[in-house]
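Here are my notes on this assembly, point by point. Please read them with the coordinates open.

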Amino acid sequence: MIEAIAFYCMAAVALTGAVMVVTLRNTVHSALALGLSLAGVAGLFACLGADFLFAGQLLIYVGGIAILIIFAVMLLGRASNLHLRQINQQWAAALLVCAITGAGLWRLVGIFRHTSSSAPATATTRSIGLLMLGDYALPFELISLVLLAALLGAVFFSRKDIS
Amino acid sequence: MRMLEHVYLIPLIPLVASFIILLAAPEDPHSPMPLVGIAAIGWCLIQSVAIFYGAVIGSIHIPYQMDWSWFSFGATIGGKPFLYDMPIGVLIDGAAVVMLVVVCLVSFLVQVYSLGYMHGDPHFKRYYAYLSFFTAAMLGLVVSSNLLVTFCCWELVGFSSYILIGFWFERAEPAYAAKKAFITTKLGDLGLYVALLLIFSLVGSFQIPQIAQFVAQGYMPAGAATAIGLGLLCGAAGKSAQFPLFIWLPDAMEGPTPVSALIHAATMVAAGIYLVAKCYFIYAASPIAMFAVAWAGALTALLAATMAVVCYDIKRVLAFSTVSQLGFMMCALGCWGYTAGLFHLTTHAAFKALLFLCAGSVIHAVHTNDMRQMGNLSKKMPFTALATFVGTCAITGIPFLSGWYSKDMILEQVYEYDPHLFFILALSAVLTAFYMFRLVFLTFTGTERDLERYRHAHESPWTMTVPLGILAALSIFSGAYLSHNHLFERLVHFDPPAGLMPRMNVAPPGLGGIVFAAVACAILFSYRLYGRHDFRLAEDLKRRLAPVFNLLERRYYLDDSFLALVDLGDRTAKMAFWIDSEVIDRIFVDGWDLLAQLAAQLGQLFDALFIDRMVDETGGLSVSVGGALRWLIRRGMIQEYLLWTAAVLSTLAFLIAWR
Amino acid sequence: MNILSIITFLPLVGALVILALPKEKERSVQIVALLCSGLSLILSGALFFFFNRQTADMQFVERMPWIPSINVQYFLGVDGLSYPLILLTTLMTFVSLIASLNIKNRIKEYFFWFLILEVGMLGVFASLDLVLFYVFWEITLVPMYFLIGIWGGPKKEYAAIKFFLYTLTGSVFMLLGILAVYFKSSPHTFDLLILLQSHPTWERSFQILIFLAFYLGFAVKVPAFPFHTWLPLAHVEAPTAVSVVLAAVLLKMGVYGIMRVSYGMLPLGFQWFLPYLVIIAVINIIYGALCAMAQTDMKKMVAYSSINHMGYCLLGIAGLTVTGFSGAVLEMVNHGLITGALFLLVGVIYDRTHTRDIGAFGGLAAKVPVYAGLMSLACFASLGLPGLAGFWGELLCFIGAFPRWKLYTGVSVIGLLVTTAFFLRMLEKVFLGPLNEKWKDLADVDARELCALLPLVALTIYLGIYPKPALDLINATVGHMAGLFK
Amino acid sequence: MNLSLGHYLVLGAALFLIGLFGALTRRNVIGILMSIELMFNAANINLAAFNHYLHPGGVTGMTAALFVITVAAAEVVVGLALVLTIYRNSATAYVEDFHLLKG
């Protein structure tokens with residue numbers, strides 16, 4: 001029972017945040033709402049018993065990415081002018097596309113409607129660590145390379161003297 | 001008999017000579033190469049005369065046939081497939097024997113004559129190559145036993161005619177005339193082509209004896225025989241310049257005059273007559289085709305004769321006269337006068353070649369074709385004048401000259417078959433006398449009308465006058481020789497199948513006398529109009545009959561009709577191309593565009609309806625529609641691409657999920 | 001390694017060698033290209049002496065599994081239908097390569113693509129497995145696209161993309177057809193020889209449907225009305241040698257496909273389509289000739305005359321007789337030679353004057369007699385003068401079509417007249433009449449051009465006088481093909 | 001009331017759709033980036049949920065989610081750097097004003 005309440009709360013947080021992200025005019029508010037939504041997702045991870053993921057989500061997403069975005073928005077300054085429309089003119093078509101996708105997904109989700117689990121949640125950190133340094137060692141190394149490349153790229157792009 | 005075993009060499013040797021002349025030596029106005037051509041045709045002439053002589057004395061048995069395998073292709077006749085072995089071979093019958101002599105003789109004389117006439121022409125050598133090539137093709141046409149090979153040679157003589165008419169291609173008129181001649185004859189050849197297809201689809205062979213046998217055994221349906229006969233007539237009308245396809249022949253006079261003598265008077269234009277004669281068994285099986293031949297010939301004879309009356313160009317008068325005489329021959333063939341037609345062909349070859357070569361001699365002397373600038377030339381060139389006079393008498397039918405024998409034969413035959421045709425031909429004969437003597441009077445008698453030209457006029461060199469002399473002798477004596485003891489008739493005759501003889505009237509005695517009297521009147525009338533120094537009467541007559549003269553000078557508007565036809569063809573072509581580039585191409589190229597636009601319109605409509613439901617107060621329909629329009633036509637927008645991608649993917653996902 | 005494989009893939013070897021050569025060694029590139037295609041020509045010519053003329057079976061067969069899981073084979077072989085075309089392909093490619101020696105820019109790529117194109121064309125004619133056939137068919141597309149798109153005239157991009165889209169659209173339908181017959185046959189197979197035997201079990205409606213799919217693919221290539229509008233543009237924009245190959249070989253792929261695949265594999269569908277095919281043929285003949293008559297651009301005129309000549313082929317096929325089939329094959333070969341020569345000749349004058357406008361010339365015969373002679377010969381051959389090759393193909397097509405389609409054949413004979421008219425008009429305007437002073441320094445054909453032209457001209461004359469060598473190759477096969485409807 | 005896998009999946013789908021809508025409609029580039037982050041998160045929820053329900057005791061799905069988070073971080077870093085650069089050059093952050101892809 002308590003799990004259900006937690007789930008619904010977290011879900012509400014995540015969805016509300018998400019809706020705010022795409023609808024709010026002010027980009028700063030949007031970015032803040034993103035942080036909220038990401039935190040909600042983190043809560044959902046916790047509900048699923050993914051402790052390491054929960055921590056990672058909070059640290060990287062809420063603590064890192066969301067903040068980074070807020071910084072960026074503030075750096076842009078004037079770009080977030082509020083008098084402009086923030087939604088473009090193809091919203092109707094986009095809505096249609098979303099509806100179609102939703103219909104498709106609905107059907108797929110229906111397959112798992114009654115799949116439930118009775119297994120208790122266990123600590124996962126150790127297993128993840130073993131996996132990453134064991135079977136997934138190569139992807140692990142590669143993703144670190146990707147991160148390095150992204151870092152270098154970001155530094156390169158944001159240099160002042162680039163024209 | 002041995003002679004005939006190598007008769008296939010007769011067309012081949014001039015062919016080889018032609019290529020030797022063309023390729024073996026550089027272009028040179030004084031090249032000795034023409035002698036090769038003359039030697040080749042001389043050899044052919046000796047052979048042909050020997051064959052003719054052998055056939056006359058009976059030491060050579062005709063018809064003689066010899067075939068070689070050429071190539072084979074699969075064919076199906078009446079549902080039965082077989083491998084048709086196309087033969088190439090020779091078939092020497094009486095007509096072919098005579099034609100061989102005619103072609104070789106005229107060709108030989110013309111080549112000798114050209115030594116003088118074309119002397120110093122920059123393309124002297126090439127001229128001889130072309131002449132030899134023409135002779136080869138023409139001889140091939142004569143001796144071939146295979147109708148398809150005949151057709152091939154038929155086209156090749158047309159091709160030689162094209163290159164020879166256009167020999168002086170630096171001027172625009174010969175180039176145009178060459179093209180016109182080829183296309184007009186090609187128009188007739190279409191009929192011939194279809195006739196050949198029809199023959200093969202029925203008989204399964206192109207061999208003339210086999211086709212004849214097929215007809216003789218009565219397998220040939222009457223309708224098919226008529227169709228084939230008419231098709232052949234089309235081809236013959238093109239080549240032999242019959243109504244209404246004779247328009248090319250007067251223009252063909254742009255070529256060198258010896259060429260006109262050889263190709264457009266004596267030999268090639270007779271090919272049509274020869275073809276009809278060669279396929280006479282088909283006409284024998286179809287009265288309708290026969291009737292068409294007769295009337296085409298008669299009409300041509302009359303129309304051409306009337307046009308010659310008003311013409312002042314010496315070569316064109318002769319051209320019209322040729323057309324008219326060919327009409328005589330055609331008409332004779334159409335009246336069961338097989339022998340008469342070919343007899344006239346033979347005699348005509350001699351005197352018409354003579355007349356053309358005389359005209360060439362005159363043109364060589366005064367450098368103009370216009371008879372109004374000549375006059376009194378008999379003083380300057382007596383030999384030419386005499387030869388012309390002989391030729392004129394022959395063509396007019398003065399008794400005991402060659403033309404008299406053949407023309408008399410035709411008129412009698414035609415009267416027996418159909419008196420209406422006889423009157424038309426008789427009228428043409430009278431007109432012939434009139435315009436031929438008009439030519440003689442205008443050119444050689446009266447006063448010199450262009451002193452400058454008159455002063456420069458001179459008699460031609462011996463290379464030109466000797467052929468004239470030989471031809472003049474032939475024009476005088478050949479008729480008598482050939483009709484002596486029915487020599488020609490024994491050699492060249494057609495035996496109609498039993499029970500197919502047509503109705504016959506009996507020609508009244510003295511028919512020839514009446515015609516001759518009329519001819520004599522015409523000559524006197526011609527003398528009255530043109531024989532003396534003043535032409536006031538002629539001018540007066542011309543003024544009174546202005547509309548008629550106009551009609552004749554415009555050649556019955558047939559040339560204009562031809563031009564209109566060409567114009568029509570051009571317009572059709574332009575229209576076809578317009579359709580091609582503006583309609584068909586558009587349908588396929590712009591079709592996709594159109595489809596895309598249509599889809600866009602539909603999408604817009606859908607959007608309008610969709611948005612109509614969904615739009616909030618502030619948005620407003622117009623803004624949304626405008627927006628929809630804008631996103632339909634904008635380009636380069638990332639989100640638009642994204643949207644399309646998403647749309648496709650989501651649709652796919654939807655389809656997969658709900659399958 | 002079978003002889004056919006060697007012939008087909010020799011140019012590929014050449015292409016790879018060229019790829020390995022450095023860009024600057026232009027002379028070596030040209031030599032390698034000529035060597036490989038020349039060798040291919042010699043080998044295919046040598047087959048002429050080993051070719052069995054008595055049998056309709058496939059000869060020089062090579063067969064091995066390629067993708068066994070779906071029963072695709074590497075299966076090559078020739079008979080009297082494909083062998084003349086292979087010979088034509090190797091000859092025309094070699095001639096075109098000689099004619100391309102004056103290409104100045106991006107030589108390495110040019111010859112590379114040209115050799116790849118030859119591989120594709122040879123493969124189409126030699127392959128007896130539908131997948132292999134399709135692969136080679138598509139292979140020809142890419143080099144052609146680049147050859148037109150890079151070395152072409154002012155509107156080359158448009159022409160190239162149009163060519164590409166048209167043929168691609170057509171071949172997509174063909175692919176559908178191939179898949180359909182694969183799944184229809186049991187056991188599933190792409191083997192053309194087996195498929196040719198299995199049609200009696202297929203119902204008529206299926207055959208009609210599949211016939212249409214194949215026909216779309218082939219008709220674009222032929223090109224049959226109304227899918228022909230890519231052709232004039234592609235020809236006008238393509239460089240000379242590419243035009244030569246395009247007209248001489250690529251168009252033949254369409255007719256070959258119709259004869260080999262559509263007719264042999266789907267006789268009921270073919271029979272159903274026959275009345276339409278003959279109408280299309282007549283339209284091709286007359287309409288193509290009329291469009292050619294309206295042209296002022298020499299190359300475009302020749303291009304439209306190709307449409308006209310392909311109409312004769314279609315007419316011959318529609319006659320459904322052995323004569324018509326012989327005529328169609330013979331016409332393909334002859335048209336290849338003659339139109340190849342015509343395009344080369346147009347290229348010669350374009351190289352010198354940079355114009356192809358018929359009205360821009362006049363009286364050239366006095367200035368360039370050899371060129372004028374060759375051009376006249378090619379034109380007269382094309383308009384069907386007896387004694388030159390073009391006549392026999394046309395005649396056999398007409399003879400073959402006449403028993404079944406008397407009226408249509410009679411009407412299409414008009415095409416001969418129109419063809420005569422426009423060729424003679426072109427000759428008159430370009431070569432006859434007074435010399436246009438602008439071209440008084442025009443040079444006659446040089447040695448390279450003569451080298452390219454002489455084989456074609458010689459063959460045109462030889463086959464015109466003596467068509468037996470060509471017909472002997474064809475007879476047995478077409479006799480067998482025509483027996484299908486007995 | 002027991003929670004089933006379906007609940008999580010519906011949530012993930014909803015989050016994904018919201019993100020998709022945003023990515024298609026936001027005019028601001030940063031808005032688009034944020035929407036994409038939302039979609040990543042939706043995917044992560046799914047991964048974690050599948051792992052929990054279909055493979056209890058295992059951690060493969062979570063590991064995958066971790067990788068996704070890392071990639072997302074990298075993406076957002078590079079994306080923001082690009083936005084800043086473009087903004088410095090053209091003083092706009094609106095997608096319509098980016099015509100670099102226009103032919």
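1. A term first: the domain bounds used here come from an automatic or database domain assignment. On that basis chain C splits into domain 1, residues 1-265, and domain 2, residues 270-486. The centres of these two domains of chain C, taken over C-alpha atoms, are 22 Å apart. Keep in mind throughout that this is a predicted model.

2. Chain C as a whole has 20 helices and two strands. Its radius of gyration is 21 Å; a compact globule of 486 residues would have one near 23 Å, so the two agree. The C-alpha atoms of chain C fill a box of roughly 70 × 60 × 40 Å along the principal axes. Buried residues make up 63% of the chain C total of 486. Take the contacts in chain C between residues at least 6 apart in sequence: 80% of them join residues at least 24 apart.

3. Chain B has 28 helices and two strands. Along the principal axes, the C-alpha trace of chain B spans about 115 × 65 × 55 Å. Of its 659 residues, 55% count as buried. For contacts in chain B with a separation of 6 or more, 81% are between residues 24 or more positions apart.

4. Now confidence in chain B. The mean pLDDT of chain B is 85, and 92% of its residues reach 70 or more. One stretch needs care. Over residues 615-622 of chain B, pLDDT stays under 50. The model has six contacts beyond four places in sequence for that stretch of chain B. Where pLDDT is low, the predicted coordinates should not be read in detail.

5. Chain A is built from six helices and zero strands. Along the sequence the pattern of chain A reads α-α-α-α-α-α. Its radius of gyration is 20 Å, well over the 15 Å from the globule rule for 163 residues, so chain A is more spread out than a compact globule. The C-alpha atoms of chain A fill a box of roughly 55 × 40 × 30 Å along the principal axes. Buried residues make up 33% of the 163 in chain A. Among contacts in chain A between residues at least 6 apart in sequence, 58% join residues at least 24 apart.

6. Chain A and chain C do not touch, and their nearest C-alpha atoms are 29 Å apart. No contact joins chain C and chain D either; their closest C-alpha atoms lie 16 Å apart.

7. Last, the cores. The largest nonpolar core has 444 residues, and Val276(B) and Leu425(B) have the most contacts inside it. Helix α7 of chain B, residues 172-203, gives the largest share of this core, 19 residues. Domain 1 (1-265) and domain 2 (270-486) of chain C both give residues to this core, so it lies between them. Apart from it lies another core, of 79 residues, including Val21(A), Ile128(A), Ala150(A) and Tyr8(D).

8. Leaving aside neighbours within four places in sequence, Val276(B) is in contact with Leu232(B), Leu233(B), Ala236(B), Tyr283(B), Val293(B) and Leu333(B).

Methods
Residues numbered from 1 in each chain as written. Chains lettered and ligands numbered in written order. Predicted model: local features only at pLDDT ≥ 70, side-chain atom pairs only at ≥ 80, totals over all residues. Core = buried A, V, L, I, M, F, W, Y, C linked by C-beta atoms within 7 Å. Buried ≥ 20, exposed ≤ 12 C-beta atoms within 10 Å, placed from the backbone. Helix = DSSP H or I, 4+ residues; strand = E, 2+ residues; numbered from the N terminus. Contact = placed C-beta atoms within 7 Å. pLDDT = per-residue confidence, 0-100. Rg over C-alpha atoms; globule rule 2.2 N^0.38 Å.
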